[in-house]
Amino acid sequence: MSNPGAQAEIDFERARARAFLREVTSLIARRPNELVSFEAVRRSLPTTGSSYLGVRPVPVAHIVGSATNRYTDFDRAFLPAQMRTKARWKSVDAARLAGESLPPIQLYKVGEVYFVRDGHHRVSVARQMGQEFIDAEVIEVRTRVPLSPDKHELDADDLEAIGEYSEFLEKTQLDRLRPSAEIIFRRPGGYARLLEHIVVHQYFMGMNLKRDVSWEEAVLDWYDNFYCPIIELI
């Protein structure tokens, strides 16, 4: 590339044009377009530990959020949402065009999605250029309800509902008792109602069996003989 700086200028303008179209589309469709905040995820999902995974190639499309205050500088597709990112964005793109080796970015991993600790502009350039994988230094943060790539449209209500699911699993231990169980609500409030159902189910089990029924027994009976048959019928 004879003039990486000039091409980087063109690449940035194209990225900003795409960002503008995404912003308009998201407003019309009323869907979130900002990056997911890692802090919001941590507030919603209690963590169960973390581990260092080292440097590895990561799917660029699975990077959905930011662990810093830079989440306002880029949209959900990591396109530049602010002109203030221009100088840094262009310098990263020009380095790429010149064949320079860029250091690995730094990510937090939650389930199968990632949040940027360092390297937002490198992710943005990679997304704009259609790059499938990027080298990253990864720290995995474990949660009871891991996030998956099909939850890219996370908003505040989604995070609240996922947090409630984590609390539901903590109270019922259903993920331990029935590892294949998966109960999904996209909006808050559903899991609290299910807990009420289980409490009532435990009471009537005791009445019918004329003995005390443990919470674990009630959870299993509710899931196997009440919840699953209804889901199959639906």
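Biologist: Where is Phe78 placed?

Modeller: Phe78 is in the loop between β3 (63-66) and α3 (86-97). Helices (H or I, at least four residues) and strands (E, at least two) are DSSP runs, numbered from the N terminus. This is a predicted model, in which local features need pLDDT of at least 70 and side-chain atom pairs count only at pLDDT 80 or more, while totals for chains, interfaces and linings use all residues. Residues are numbered from 1 along each chain as its sequence is written, and side-chain values use heavy atoms, with hydrogens and water left out.

Biologist: Why does Phe78 count as buried?

Modeller: Buried means under 20% relative accessible area, exposed over 50%, and partly exposed in between (1.4 Å probe, protein chains only). Phe78 has 0% relative accessibility, so Phe78 counts as buried.

Biologist: What is the phi of Phe78 near?

Modeller: It is near 65 degrees, a positive value in a residue other than glycine. Most residues other than glycine have a negative phi. Lys210, also not a glycine, has a positive phi of about 55 degrees. Lys210 is found in the loop between α7 and α8.

Biologist: Does Lys210 count as buried or exposed, and why?

Modeller: Its relative accessibility is 72%, so Lys210 counts as exposed.

Biologist: Why is the pair of Phe185 and Tyr191 called edge-to-face?

Modeller: Rings of Phe, Tyr and Trp (its six-membered ring) pair if their centres lie within 6.5 Å; planes under 30 degrees apart count as stacked, over 60 as edge-to-face and the rest as tilted. The search of the whole structure finds eleven aromatic pairs. In this one the ring centres of Phe185 and Tyr191 are 4.9 Å apart and the planes are at 90 degrees, so the pair is edge-to-face.

Biologist: What makes Arg117 a charge over the ring of Tyr108?

Modeller: The rule asks for NZ of Lys or CZ of Arg within 6 Å of the ring centre and within 35 degrees of the ring normal. Arg117 lies over the face of Tyr108, at 5.2 Å from the ring centre.

Biologist: Why is Ile28 called exposed?

Modeller: Ile28 has a relative accessible area of 68%, so the label is exposed. Its place is in helix α1 (residues 4-29).
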